[in-house]
Amino acid sequence: MIQHLASLPILLPMLTAVILLLPPCGKSVKIRRIVSSVMAIITFVVSALLLMHVHHTGINVYAIGNWSAPFGIVLVADMLSTLLVALTSFLGLGAILYGSAGDDEKGSFFHPLVHFLVLGVNGAFLTGDLFNLFVFFEVLLIASYALLMHAGDKQNTRAALQYVILNLVGSSVFLIGLGILYGVLGTLNIADMAHKVSLLTGDDVYLAKAGGLLLLVVFALKGALLPLHLWLPNTYASAKPVVAALFAIMTKVGVYAMLRVYTVVFGEQAGALEHVAQPWLWGLAIATIIVGAIGVIASQDLRKLTANLVLVSVGTLVALVALQNVNATAALLYYLVHSTLVCAALFLLADLIATQRGKVADRLVAGRSVKQPFLLGVCFIIAALTVVGMPPLSGFVGKIWILKATLNSEQALLFWPVYLVTSFALLIALSRAGTSLFWECKDKRSESAEYKNARSLQVIVILGLLACSPLMVIFGGPISEYMMAAATQLHDINGGINAVLKGGM
């Protein structure tokens, strides 16, 4: 069983999604919710077991059909990929439980689509070659297209159309880039590419550079990096909050692809193509942070504000990718987990606030008070303090780690002012949002009595996501050790190449 463990985070969601489309699950909401929730729990447990197994035994290479790399399709479970698979499975479980409180009845096929999305994201993290990265990208995108229309209206349709068109263009560019790299290197296995790219000479170097930079365009689009970020705020803000919360992991797939490709394939051992994308990544990352901060300040509702927070997190992560060192990558991993969970919690919190405020919903204007001001207010304060980076929550640890990792870099004189001013801007924006949502109420006694309290399942999911922040501080020692070990393993290019090319079932 252990030798097949790396395949289960992909197979279980796929099997679950198919079962949920068949009778009796397809006709009974209650059975569908039970099956979906139980299988999501099993997927998360399996993902956690895989993470622990890889942590203790090293890189696990699963060769499908027992065809070893680079000739066969392989799944590579290392400390980086298993961390992100566990994060995805946890977020998927949260979305399914939250949706089971009633949101799953507002549209068709919510549960199977969530499992298909988890399948695509987990596959993208685990695959060992770029062609299958493209395949899993398409799987998660197809599921996301349908989820965007869940309980949709004209606004959803407009945002979804923009999202679909941009990603179809991105997929075409992806295939062109892969074709160029395959023509030059004769392989799309990431480890084999890393081995062969340093041997290129003559015109092949320029062709490989063109292919590598085309992939950068695709990953920038998937990750919402400036100037290919315009789709994200409207798309995430118009989606159902439970869907937007799940989408918090999707931009991280683009960041992961940048980290994997431009550290392993085009990293320090790439010869003439060493750090080919670094100048582009750094400048675009800083610009994305600035634009995201401006978007946060200018946002007129909590969902749009949270969507722009995702942009700020993407810019921060890509800036750390550009530094190309172990400390920066370790800080990146900690910040990635922290930012994904807190943004997901904010999207769900925006849903409860909007439900209890009536027609003004989550718009940052004076309106009727929420029915549960203490519960929602405390949750908002915790989320806001986490995002801004105030002690003693995980945002503070992540911020200090990021500043420390960038301290001795040449870019510190630019990054530090931008990052610190952005943090101050986020503090102002979230303070304004909290004031508008909880203090500036037209009637505090109130007409909100006609609205229902948040359902216990919804509150449990939000509290679970928010609880991860103090837990990441309480268990900061082992977590930081894991992040450093994962970053060290990623940057050990020769060790990774040998493990994959000599590995198998």
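Leaving aside its neighbours within four places in sequence, which residues is Val261 in contact with? Select Val261 and look around the side chain. The partners are Leu130, Phe219 and Phe266. Contact here means heavy atoms within 4.5 Å.

Before moving on, note that this is a predicted model, where local features need pLDDT of at least 70, side-chain atom pairs count only at pLDDT 80 or more, and totals for chains, interfaces and linings use all residues. Residues are numbered from 1 along each chain as its sequence is written, and side-chain values use heavy atoms, with hydrogens and water left out.

**Stop 1: Val261 and helix H11**

Stay on Val261. It sits in helix H11, residues 250-265. Helices are DSSP runs of H or I with at least four residues, numbered from the N terminus. Val261 has a relative accessible area of 2%, so it is buried. The cut-offs are under 20% relative accessible area for buried, over 50% for exposed and partly exposed in between, with a 1.4 Å probe and protein chains only.

**Stop 2: H8 against H11**

Now select helix H8, residues 203-223, together with H11. Their axes come within 7 Å and cross at roughly 155 degrees. H8 is therefore roughly antiparallel to H11. Axes are lines fitted to C-alpha atoms over the stretch in contact, and angles run from 0 to 180 degrees between N-to-C directions. Angles under 35 degrees count as roughly parallel, over 145 as roughly antiparallel, 65 to 115 as roughly perpendicular and the rest as oblique.

The crossing of H8 and H11 is left-handed. That term applies if the near helix is turned anticlockwise from the far one by less than a right angle; clockwise is right-handed. Show the side chains next. H8 contributes Gly212, Leu215, Leu216, Phe219, Ala220, Lys222 and Gly223. H11 brings Met250, Thr251, Gly254, Ala257, Met258, Val261 and Tyr262. By class, that gives 9 nonpolar, 4 polar and 1 charged. Nonpolar covers Ala, Val, Leu, Ile, Met, Phe, Trp, Tyr, Cys and Pro; charged covers Asp, Glu, Lys and Arg; the others, Gly among them, are polar.

**Stop 3: helix H9**

Go to helix H9, residues 231-238. Because 7 of its 8 residues are buried, H9 is largely enclosed by the rest of the structure. Colour the buried ones: Trp231, Leu232, Pro233, Thr235, Tyr236, Ala237 and Ser238.

**Stop 4**

Select helix H16, residues 394-406. At 1.5 Å a residue, its 13 residues should span 18 Å, and the end C-alpha atoms are 18 Å apart, which agrees. The expected span is 1.5 Å times one less than the number of residues. Buried residues of H16 include Lys399, Trp401, Ile402 and Leu403. What do the buried residues of H16 pack against? Show H13 (302-323), H14 (326-356), H15 (373-388), H17 (412-438), H18 and H19 (476-491).

Keep H14 and H16. They pack at about 160 degrees, with axes 9 Å apart. The pair is therefore roughly antiparallel. Their crossing is left-handed. On the H14 side, pick out Tyr334, Tyr335 and His338, among others. Facing them on H16, the contact residues include Trp401, Ile402 and Ala405. The contact of H14 with H16 has 9 nonpolar, 5 polar and no charged residues.

**Stop 5: H3 against H18**

Select H3 (residues 79-99) and H18 (residues 456-474). The angle is about 160 degrees and the axes are 8 Å apart. H3 is therefore roughly antiparallel to H18. Among the contact residues are Phe90, Leu91 and Tyr98 of H3 and Val461, Ile462 and Cys468 of H18. The classes are 9 nonpolar, 3 polar and no charged.

Then pick Ser456, in H18. Its relative accessibility is 55%, so Ser456 counts as exposed.

**Stop 6: backbone details in the loops**

Finish with the loops.

- Pro23 to Pro24: a cis peptide bond, with omega near 0 degrees. Pro24 lies in the loop between H1 (8-20) and H2 (29-57).
- Pro391 to Pro392: also cis, with omega about 10 degrees. Pro392 is in the loop between H15 and H16.
- His275: a positive phi of about 50 degrees, although not a glycine. Find His275 in the loop between H11 and H12 (278-298).
- Gln324: a positive phi of about 55 degrees, again not a glycine. Gln324 is in the loop between H13 and H14, and is buried at 14% relative accessible area.

Terms used
Helix = DSSP H or I, 4+ residues; strand = E, 2+ residues; numbered from the N terminus.
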